[in-house]
Amino acid sequence: MISFINAFLSYLLVMIVFLVLIVVAVILGKKLRDKKDISDALKAENATDNKENEA
């Protein structure tokens, strides 16, 4: 019975570590994507401003 509890706790710990890594990866990915979207929007805005100024 003790070995079962030890195995269960071991797998539970591994699962918790994986879940934490997944949550961190999702949050980091969302922040990086938001940053890239803002950068792309600013580039597009500057490109349209430059076209308007040239015309």
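The structure is a predicted model, in which local features need pLDDT of at least 70, side-chain atom pairs count only at pLDDT 80 or more, and totals for chains, interfaces and linings use all residues. Residues are numbered from 1 along each chain as its sequence is written, and side-chain values use heavy atoms, with hydrogens and water left out.

**Fold and surface**

Helix 1 covers residues 2–54. Of the 55 residues in the chain, 0% are buried, where buried means under 20% relative accessible area, exposed over 50%, and partly exposed in between (1.4 Å probe, protein chains only). The accessible surface of the chain is about 5,300 Å², and 72% of this belongs to carbon and sulfur atoms. Such areas come from the Shrake-Rupley method with a 1.4 Å probe; for residues, only the protein chains shown count as cover.

**The aromatic pair**

One aromatic pair is found in the whole structure. Phe 4 and Phe 8 form this pair, which is stacked, at 6.4 Å centre to centre and with 25° between the planes. Rings of Phe, Tyr and Trp (its six-membered ring) pair if their centres lie within 6.5 Å; planes under 30 degrees apart count as stacked, over 60 as edge-to-face and the rest as tilted. Phe 4 and Phe 8 are four residues apart in helix 1, and so are separated by about one helical turn. Phe 4 is exposed, at 53% relative accessible area, whereas Phe 8 is partly exposed, at 48%.

**The salt bridges**

Side chains of opposite charge can pair when their charged atoms come close. The whole structure holds three salt bridges, each defined as a side-chain nitrogen of Lys or Arg within 4 Å of a carboxyl oxygen of Asp or Glu.

| Salt bridge | N to O distance |
|---|---|
| Lys 30 and Asp 34 | 3.3 Å |
| Asp 37 and Arg 33 | 3.2 Å |
| Lys 36 and Asp 40 | 3.2 Å |

Lys 30 and Asp 34 lie four residues apart in helix 1, about one helical turn. Lys 30 is exposed, with a relative accessible area of 53%, while Asp 34 is partly exposed at 34%.

Asp 37 and Arg 33 are likewise four residues apart in helix 1, about one turn of the helix. Asp 37 is partly exposed at 36%, and Arg 33 is partly exposed at 46%.

Lys 36 and Asp 40 are also separated by about one helical turn, being four residues apart in helix 1. Lys 36 is partly exposed at 42%, and Asp 40 is partly exposed at 34%.

Key:
Helices (H or I, at least four residues) and strands (E, at least two) are DSSP runs, numbered from the N terminus.
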